[in-house]
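Visitor: Hi! I'm new to this one, could you walk me through it?
Guide: Happy to. Let's bring it up and start with the rings.

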Amino acid sequence: MEYRRPKIGIMIEPPAAAILSRDLAHHVDFFSVGTNDLTQYTTACDRQNQNLGEFFDPHHEAVLELLRQIALNAHAAGIPVGICGELAADPELTDTFVAMGYDELSVSPGAVLALRERICLSEAECQNDNPQVTATLTAQH
């Protein structure tokens, strides 16, 4: 029986990992970005504290810039990058994630069909500008 080395990846959650993603990419086979924690740590806001809910903004430009850098660094190193967490299913950001080059959006099964449709539309629009853009969709178990 022949065995292969399993693929090894890391979760990018703290902003420090996002900032160092260029270096980290050379040590792993893929990145998975945990957007719930990345947003919480980047905005310095406890997402479970109801008194701070208005400050927990996953659309904050600092969060989006870190996500852009992570995807850029992953692809520069030739590894795939995916997003998991609530942000992956956010239809307001689907176009942004496709344009950033994310390879995978991991969402709950109930969100798959609507997101798949949005990705198809986004890819068609992006391919008119950039034929290299691809994205896939997987369901979380």
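Visitor: How many aromatic pairs does the structure hold?
Guide: It's a predicted model, and the structure holds one aromatic pair. That pair is F97 with Y102, arranged edge-to-face, with 6.0 Å centre to centre and 70° between the planes.

Visitor: Are F97 and Y102 buried or exposed?
Guide: Both F97 and Y102 are buried.

Visitor: And what do β3, helix α5 and β4 make?
Guide: Together they make a right-handed β-α-β unit. Helix α5 covers residues 94–100.

Visitor: In which sense do strands β3 and β4 pair?
Guide: They pair in the parallel sense, over three bridges. Strand β3 spans residues 81–84 and strand β4 spans residues 104–107.

Visitor: Which residue in β4 is the bridge partner of I83?
Guide: That would be L105.

Visitor: New topic: how many disulfides does a search of the whole structure find?
Guide: Zero disulfides turn up in that search.

Visitor: What about C45, buried or exposed?
Guide: C45 counts as buried because its relative accessibility is 3%, and buried means under 20%. C120 is partly exposed, with a relative accessible area of 47%.

Visitor: Where is Q40 found?
Guide: Q40 sits in helix α3, which runs over residues 35–43.

Visitor: Why is Q40 buried?
Guide: Because its relative accessible area is 17%, and the cut-off for buried is under 20%.

Visitor: Which residues is Q40 in contact with, leaving aside neighbours within four places in sequence?
Guide: Q40 is in contact with C45, D46, R47 and F56.

How values were computed: Residues are numbered from 1 along each chain as its sequence is written. This is a predicted model: local features need pLDDT of at least 70, side-chain atom pairs count only at pLDDT 80 or more; totals for chains, interfaces and linings use all residues. Side-chain values use heavy atoms; hydrogens and water are left out. Two strands pair if DSSP finds at least two bridges between them. Helices (H or I, at least four residues) and strands (E, at least two) are DSSP runs, numbered from the N terminus. A crossover is right-handed if, with the strands pointing away from the viewer, the path from the first strand over the helix to the second runs clockwise. Rings of Phe, Tyr and Trp (its six-membered ring) pair if their centres lie within 6.5 Å; planes under 30 degrees apart count as stacked, over 60 as edge-to-face and the rest as tilted. Buried means under 20% relative accessible area, exposed over 50%, partly exposed in between (1.4 Å probe, protein chains only). A disulfide is a pair of cysteine sulfur atoms within 2.5 Å. Contact means heavy atoms within 4.5 Å.
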